[in-house]
Amino acid sequence: MPLEKVVEVTPEHRAYLKEQYDAGRLIFSGPRVPRTAGVLFARADDVSSINEMIANDPFKTKGIGEYEVIEIAPVMWVEELNKIFGNA
């Protein structure tokens, strides 16, 4: 995908991500360096809700991005993340 097309859709993509932050689904996000892809770090009760979130992302609906969902089960984290993960 040409970077120009990515840049063109980025404002709409970020507005959608803001909605996901407001709904409590996203924890952090951003482009890789160099800008070859991006990462969304999200939380959900099940993977189907993450797949639904992805399906509605403008980068997905406009054919800009491809997504891979990787589920993790955190066992350690910095104290500042206790609000998200609970106490280690």
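**View 1. Overall fold of the predicted chain.** Four helices and two strands make up the protein chain, where helices (H or I, at least four residues) and strands (E, at least two) are DSSP runs numbered from the N terminus. Read from the N terminus, the elements follow the order α-β-β-α-α-α, and the C-alpha atoms fill a box of roughly 45 × 25 × 20 Å along the principal axes. Of the 88 residues, 17% count as buried, a term that stands for under 20% relative accessible area, with exposed over 50% and partly exposed in between (1.4 Å probe, protein chains only). Residues are numbered from 1 along each chain as its sequence is written, and, the model being predicted, local features need pLDDT of at least 70 and side-chain atom pairs count only at pLDDT 80 or more, whereas totals for chains, interfaces and linings use all residues. Side-chain values use heavy atoms, with hydrogens and water left out.

**View 2. The hairpin of β1 and β2.** The strands β1 (26-31) and β2 (38-42) form a hairpin with six residues between them. Their pairing is antiparallel over five bridges, pairing being assigned if DSSP finds at least two bridges between two strands. Leu26 stands opposite Ala42 of β2.

View 3. Tyr16, Leu17, Leu26, Ile50, Met53 and Ile54 form the largest nonpolar core, that is, a set of buried Ala, Val, Leu, Ile, Met, Phe, Trp, Tyr and Cys residues joined through side-chain atoms within 4.5 Å. The helices α1 (3-22) and α2 (47-55) each give two or more residues to this core, and the largest share, three residues, comes from α2. Apart from its neighbours within four places in sequence, Met53 is in contact (heavy atoms within 4.5 Å) with Tyr16, Gln20, Arg25, Leu26 and Ala42.

**View 4. Lining of the largest pocket.** The largest pocket is lined by 40 residues, of which Gly38, Val39, Leu40, Tyr67 and Glu68 lie nearest its centre; a pocket is an open set of points on a 1 Å grid over the protein atoms alone where a 1.4 Å probe fits, with protein on both sides within 12 Å along at least five of seven lines, and lining residues have an atom within 4 Å of a point. By class, the lining has 25 nonpolar, seven polar and eight charged residues. Among the elements, α1 gives the most to this lining, with six residues.

Methods. Nonpolar A, V, L, I, M, F, W, Y, C, P; charged D, E, K, R; others polar.
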